Amino acid sequence: MKNRIFAIMLAAMLSLSVATTASAQGVKIIDNCDCITSSSITQAETKAQQIENEYGYYMMYSIVDTIDTETNYEYAQSVYEMNTTSDKGLILLHNITDAGYVVYSTPEAEKIFTDSVVEEMGEVYNNTETYADGVMAYLNFAETVVANAPANGEIQTNEEATEFVPVERTYPLIVDNAD
């Protein structure tokens, strides 16, 4: 009888630890300074999960008071890597003490989240009234980017876009030299 109770308790503890591990890996919105309400965090988590489900990109946001040991970029990268193994995703980290933000993108995500796209994303984030609005603006902008990305996930560079492409004309080219 003792062996059966022990086995049941062990099974319950193992299933609880597996459930805890699975839920910890799903964290997408991290507020270490209580700047965002729990309902806004839930709304942003839902949006981030929707982006992951629909497009396969793991979108994160973190807001902190201060970082003691690393640069903002290194911290953003470590937070991203602690929460997911996805090779397609990014995190926007806002450091209140530094009064700024940084974006870490995985190499796969950098194909569509180019420097100019990240700069525009930052402008969208900065033009909001609250941190909660900023998170949603960031996620909505990111969703637009991934939704409009080419099928191969790469945006053409200017060099590729200016290559000569032969075009067949159906009408003759007419030059009007009349005075």
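Reply: What follows goes through the salt bridges one by one and then turns to the confidence of the model.

This is a predicted model, in which local features need pLDDT of at least 70, side-chain atom pairs count only at pLDDT 80 or more, and totals for chains, interfaces and linings use all residues. Residues are numbered from 1 along each chain as its sequence is written, and side-chain values use heavy atoms, with hydrogens and water left out.

A salt bridge here is a side-chain nitrogen of Lys or Arg within 4 Å of a carboxyl oxygen of Asp or Glu. The count comes to three.

One of them joins E52 to K28, at 2.9 Å from N to O. E52 sits in helix α2 (residues 38-55) and K28 in the loop between α1 (2-24) and β1 (29-31), so the pair ties together parts 24 residues apart in sequence. Helices (H or I, at least four residues) and strands (E, at least two) are DSSP runs, numbered from the N terminus. K28 is buried, at 1% relative accessible area, while E52 is partly exposed at 24%. Buried means under 20% relative accessible area, exposed over 50%, and partly exposed in between (1.4 Å probe, protein chains only).

E143 pairs with K47, the closest N and O atoms being 2.5 Å apart. E143 belongs to helix α5 (residues 131-147) and K47 to helix α2, so this pair links parts 96 residues apart in sequence. Both E143 and K47 are buried.

E108 and K111 form a salt bridge at 3.3 Å. E108 is partly exposed at 26%, as is K111 at 31%.

On confidence, pLDDT (the predictor's confidence in each residue, from 0 to 100) has a chain mean of 77.
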